[in-house]
Amino acid sequence: MGRRHLGALARDPRVEIAGVADTDEAAARVAADEFGGRLCRTVADLAELGVDAAYVTLPNAYHAAIALEAMDRGMHVFSEKPMATSLDAARRVAAGVRDSGCVYQMGFNRRFAPAYRYLKQEVAAGFVPLSANAKITDGDMLTPSWYINPALTGGFLYDCAVHMIDMVAWLVGPVRSVAALGRQSCYPDHDDIALLLRCEGERPVALTTCGHASWARPTERVELYGDHALLASEDMERARHTTREEPEREWQRFASPDELTALGYLDEDRAFIDACLGAAPSSVTADDAFHSIAVIEAAYGSLRGGGRPELVRDD
């Protein structure tokens, strides 16, 4: 993920790559050689360079502590998802954002991908999602190698489904309660999970996620059900809006010149730089990030409780 963001930032003339920090010196050296910047090992090393902003693209368990340290040193922060791997840590990050006054943006790249933007535009234009169905799957849980270690990921929901949980909140509305069922099928973590989400306005959403589905496409699908109408997307490349009168409307396909654009990374990173320069507010805020963690914590509570509904605590 760090290299993806470096690739996107290298295309923005407003950005200078000042340094690359990694405890793996070889990895940092390769990135620094390719994209420029000084080889660093710590956040303190980056701070000595006088950087304005930092990207946090480490394994999940380290996101909160590094984001907090960067903000303590006066840096704006772009953090890859998730914000944290516990609700308490997420609260500390949210408080750090408020106290520091730094820009904080969460790496929910789907918000910038063409198909999902189309869904959002249709909702903004008047489509009212009354209920929804969504899925997101992984072909395996072996790439990267730490992906099957809950001590580093926080759990499968923190690494994969967190994207679709954010999509539901963004497109349908805030999640108020969760009921979850799951099992450990192929890996030592829960890798098959079904969630029933109750969103604002008593709108139900069914969300399923699987960590061993093969890479057959679509790996993501969203269906928003309106008043005798359907908004649907598959992966990040196509979407359609059908109605009772026109049930067979063609899919709209969103061609992109490269993967960074197709997956939303280019526009995501440009939005973060806009916010750092004061040209726009943060487009994916600490509150957005915190809500996704609150939903996941409620989901794991429901799993431990045999599927009983759990309220989402956004406080």
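Q: How much space lies in the largest cavity of this structure?
A: Rolling a probe the size of a water molecule over the atoms shows where empty space is left. In this predicted model, about 40 Å³ of space lies in the largest cavity, and a search of the whole structure for cavities of 30 Å³ or more finds 1.

Q: Which elements give two or more residues to the lining of the largest cavity, and which residues line that cavity?
A: Two or more lining residues come from each of strand E6 (131–137), helix H8 (156–171) and strand E10 (220–225), and H8 provides the largest share, with 3 residues. The residues that line the largest cavity are Ala132, Ala134, Met167, Val168, Leu171, Val172, Val205, Val222 and Leu224.

Q: How many residues of the lining are nonpolar, polar or charged?
A: The lining of the largest cavity has 9 nonpolar residues, and it has no polar and no charged ones.

Q: Turning to helices, which residues of helix H2 are buried, and where do they lie around the axis?
A: An α-helix has 3.6 residues a turn, so residues three or four places apart point the same way. In helix H2 (residues 25–35), the buried residues are Ala28, Ala31, Ala32 and Phe35. These residues cover an arc of only 100° around the axis, which puts them on the same side of H2. On the other side of H2, Ala26 and Asp33 are exposed, while the cover over the buried residues includes helix H1 (2–9), strand E1 (19–21) and strand E2 (38–40).

Q: Which residues are buried in helix H4, and what covers them?
A: Helix H4 (residues 63–72) has His63, Ala64, Ala67, Leu68, Ala70 and Met71 as its buried residues. They cover an arc of only 165° around the axis, and this puts them on the same side of H4. Ala65 and Asp72, on the other side of H4, are exposed. The elements that cover the buried residues of H4 include helix H3 (43–48), strand E3 (53–56), strand E4 (76–80), helix H5 (87–100) and strand E5 (104–107).

Q: Are Cys160 and Cys199 buried or exposed?
A: Cys160 has a relative accessible area of 4% and is therefore buried, and Cys199, at 0% relative accessibility, also counts as buried.

Q: Which peptide bonds are cis, and where are the prolines found?
A: Most residues other than glycine have a negative phi, and most peptide bonds are trans. Here the peptide bond from Lys81 to Pro82 is cis, with omega near -5°, and Pro82 is found in the loop between E4 and H5. The peptide bond from Arg217 to Pro218 is also cis, with omega near 5°, and Pro218 has its place in the loop between strand E9 (203–210) and E10.

Q: Which residues have a positive phi, and where are they placed?
A: Among them is Glu202, which has a positive phi of about 60° although it is not a glycine. Glu202 sits in the loop between strand E8 (192–199) and E9, and because its relative accessible area is 57%, it is exposed. His228, also a residue other than glycine, has a phi near 55°, and its place is in the loop between E10 and strand E11 (229–234). Just after H4, Gly74 takes a positive phi of about 85°.

Q: Where is Gly306 placed, and is it buried or exposed?
A: Gly306 is in the loop between helix H11 (286–304) and strand E14 (310–311), and because its relative accessibility is 59%, Gly306 counts as exposed. Gly306 and Gly278 are 28 residues apart along the chain, and their C-alpha atoms are separated by 47 Å.

Notes:
Residues are numbered from 1 along each chain as its sequence is written. This is a predicted model: local features need pLDDT of at least 70, side-chain atom pairs count only at pLDDT 80 or more; totals for chains, interfaces and linings use all residues. Side-chain values use heavy atoms; hydrogens and water are left out. On a 1 Å grid over the protein atoms alone, a cavity is a set of points where a 1.4 Å probe fits but cannot get out, and a pocket is an open set with protein on both sides within 12 Å along at least five of seven lines; lining residues have an atom within 4 Å of a point. Grid points are joined across faces, edges and corners, and a volume is the space filled by probe spheres set on the points. Helices (H or I, at least four residues) and strands (E, at least two) are DSSP runs, numbered from the N terminus. Ala, Val, Leu, Ile, Met, Phe, Trp, Tyr, Cys and Pro count as nonpolar, Asp, Glu, Lys and Arg as charged, and the others, Gly among them, as polar. Buried means under 20% relative accessible area, exposed over 50%, partly exposed in between (1.4 Å probe, protein chains only). The arc is that of the directions from the helix axis to the C-beta atoms. Contact means heavy atoms within 4.5 Å.
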